[in-house]
Amino acid sequence: METKEPFETLVTRHGPVVWRVCRAVLSTPADAEDAWSETFLAALRAYPELPATANVQAWLVTIAHRKAVDVVRARARAAVPVASPPEPAAHRDAPYEHDSPLWQAVAALPPKQRHAVAYRYLGGLPYRRIAELLGGTPEAARRAAADGVATLRRTLATLPAERRGETDRTGDDR
């Protein structure tokens, strides 16, 4: 029965080969060092199960190659710093819009009316689909949307024109 040599001997004997594999795959010495270390950590965990007759150098080179490829993949997924953040998506509301009287009035609606108004007038969904989402009939969805719009009109009608953000074509308040 053959016995395996101590793991420290493997590191000494095959370390340079593993280093060359890591350095060949990776562009920076720091990344190669990380892959080299990860290779021997993984090998240390698996070494007790390795048959004594195995080709240790080939086994270590395979682990090193896989660890180096993992580093390459991780770098490809990593965020890239930029000088200035990109423009926000066009569909996002401007921060001030949620403070407007309209959005405050929408937020004050009962949930079923608020959802029916949003699905119908913001999402463009038919009442049949709204009924499926909210539970109920298309007629009930239509009624909830109509009641919500009526409440919004009443609420906004009580506000002064400047609070509603309304101006005529000349820029004067209506």
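Which residues does His-14 touch, not counting residues up to four places away in sequence? The legends below take up this point among others.

**Figure 1. Overall fold of the predicted model.** This is a predicted model, in which local features need pLDDT of at least 70 and side-chain atom pairs count only at pLDDT 80 or more, while totals for chains, interfaces and linings use all residues. Residues are numbered from 1 along each chain as its sequence is written, and side-chain values use heavy atoms, with hydrogens and water left out. The protein chain contains eight helices and zero strands; helices (H or I, at least four residues) and strands (E, at least two) are DSSP runs numbered from the N terminus. The order of elements from the N terminus is α-α-α-α-α-α-α-α. Of the 174 residues, 25% count as buried, where buried means under 20% relative accessible area, exposed over 50% and partly exposed in between (1.4 Å probe, protein chains only). Among contacts (heavy atoms within 4.5 Å) with a separation of 6 or more, 53% are between residues 24 or more positions apart.

Figure 2. His-14 lies in helix H1 and is buried, with a relative accessible area of 8%. Not counting residues up to four places away in sequence, His-14 touches Phe-40, Val-56, Gln-57 and Leu-60. H1 bends by about 55 degrees at His-14, and Pro-16 follows within four residues; the bend is the angle between axes fitted to the seven residues ending at a residue and the seven starting there. The buried residues of H1 include Phe-7, Leu-10, Val-17 and Cys-22. The buried residues of this helix pack against H2 and H3.

**Figure 3. The largest nonpolar core.** A nonpolar core is a set of buried Ala, Val, Leu, Ile, Met, Phe, Trp, Tyr and Cys residues joined through side-chain atoms within 4.5 Å. The largest has 20 residues, of which Trp-59 and Leu-60 touch the most other members. Helices H1 (7–25), H2 (29–46) and H3 (56–77) are the elements that give two or more residues to this core, and H3 gives the most, with seven. Leaving aside neighbours within four places in sequence, Trp-59 is in contact with Ala-43, Ala-46, Tyr-47 and Leu-50.

**Figure 4. The segment before H1.** Glu-5 is found in this segment and is partly exposed, with a relative accessible area of 25%. Glu-5 touches Leu-10, Arg-13 and Tyr-47, not counting residues up to four places away in sequence. Between Glu-5 and Ala-52, 47 residues apart in sequence, the C-alpha to C-alpha separation is 8.7 Å.

**Figure 5. The largest pocket.** The space in this pocket is about 240 Å³. On a 1 Å grid over the protein atoms alone, a pocket is an open set of points where a 1.4 Å probe fits, with protein on both sides within 12 Å along at least five of seven lines; lining residues have an atom within 4 Å of a point. Helices H4 (101–108), H5 (111–122) and H7 (138–157) each supply at least two lining residues, and H5 gives the most, with five. The lining has ten nonpolar, no polar and two charged residues, with Ala, Val, Leu, Ile, Met, Phe, Trp, Tyr, Cys and Pro counted as nonpolar, Asp, Glu, Lys and Arg as charged, and the others as polar. Among the lining residues are Trp-103, Arg-114, Tyr-121 and Arg-153.

Methods. Grid points are joined across faces, edges and corners, and a volume is the space filled by probe spheres set on the points.
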